[in-house]
Amino acid sequence: MAEETPAPVSPNPHSDDLLMPKVVYILYILGPFVSFTGIIGVIIAYIYQGSAPDWIKTHYRFQIRTFWMGLAFLIPGILLTAVFIGWLVLLFWAIWLIVRSVKGMKTLGERQPVEHVERWSF
């Protein structure tokens, strides 16, 4: 009876794992409803980006940029809530964040890199 050779183990077993990028997208989607999930998400993205394959790195870069760009909407929105415009900015931020996260998750599910990571648009 021939002995089976075990499959080679990659140096980083999580290198092609889609779980963590999905977790970050989900945390971002929850962000407008649950405090601090965005901060947790960006920390995860920073931690896992170094060991990810290049196509997943584009998702982590997209997630990190989404966090910082979102902060550029969130802070003025909070500061302007005393006047009506702040609520509109916060509504825009929530929609923008959810749409970007859903589109990113869709691209991740298709196992494709994010194109145009540097864009501010949806």
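A crossing of two helices is called left-handed if the near helix is turned anticlockwise from the far one by less than a right angle, and right-handed if clockwise. Keep that in mind for the second stop.

The model in your viewer is predicted, so local features need pLDDT of at least 70 and side-chain atom pairs count only at pLDDT 80 or more, while totals for chains, interfaces and linings use all residues. Residues are numbered from 1 along each chain as its sequence is written, and side-chain values use heavy atoms, with hydrogens and water left out.

**Stop 1: the whole chain.** Switch to a cartoon view and follow the protein from the N terminus: the elements run α-α-α-α, with four helices and zero strands. Helices (H or I, at least four residues) and strands (E, at least two) are DSSP runs, numbered from the N terminus.

**Stop 2: α2 and α3.** Select residues 37-48 for α2 and residues 54-79 for α3. Their axes come within 9 Å and cross at roughly 145°; axes are lines fitted to C-alpha atoms, for helices over the stretch in contact, and angles run from 0 to 180 degrees between N-to-C directions. The crossing of α2 past α3 is left-handed. Now show side chains: G38, I39, V42, A45, Y46 and Y48 of α2 make the contact (heavy atoms within 4.5 Å) with Y60, Q63, I64, F67 and W68 of α3.

**Stop 3: I43.** Staying in helix α2, click on I43. Its C-alpha atom lies 8.7 Å from that of I64, 21 residues apart along the chain. Is I43 buried, exposed or partly exposed? With a relative accessible area of 45%, I43 is partly exposed, because buried means under 20%, exposed over 50%, and partly exposed in between (1.4 Å probe, protein chains only).

**Stop 4: S101.** Move on to helix α4 and select S101. S101 has a relative accessible area of 1%, so this residue is buried. Not counting residues up to four places away in sequence, S101 touches Y25, Y28 and I29.

**Stop 5: back to the whole.** Zoom out again. Of the 122 residues in the protein, 33% are buried. Among contacts with a separation of 6 or more, 63% are between residues 24 or more positions apart.
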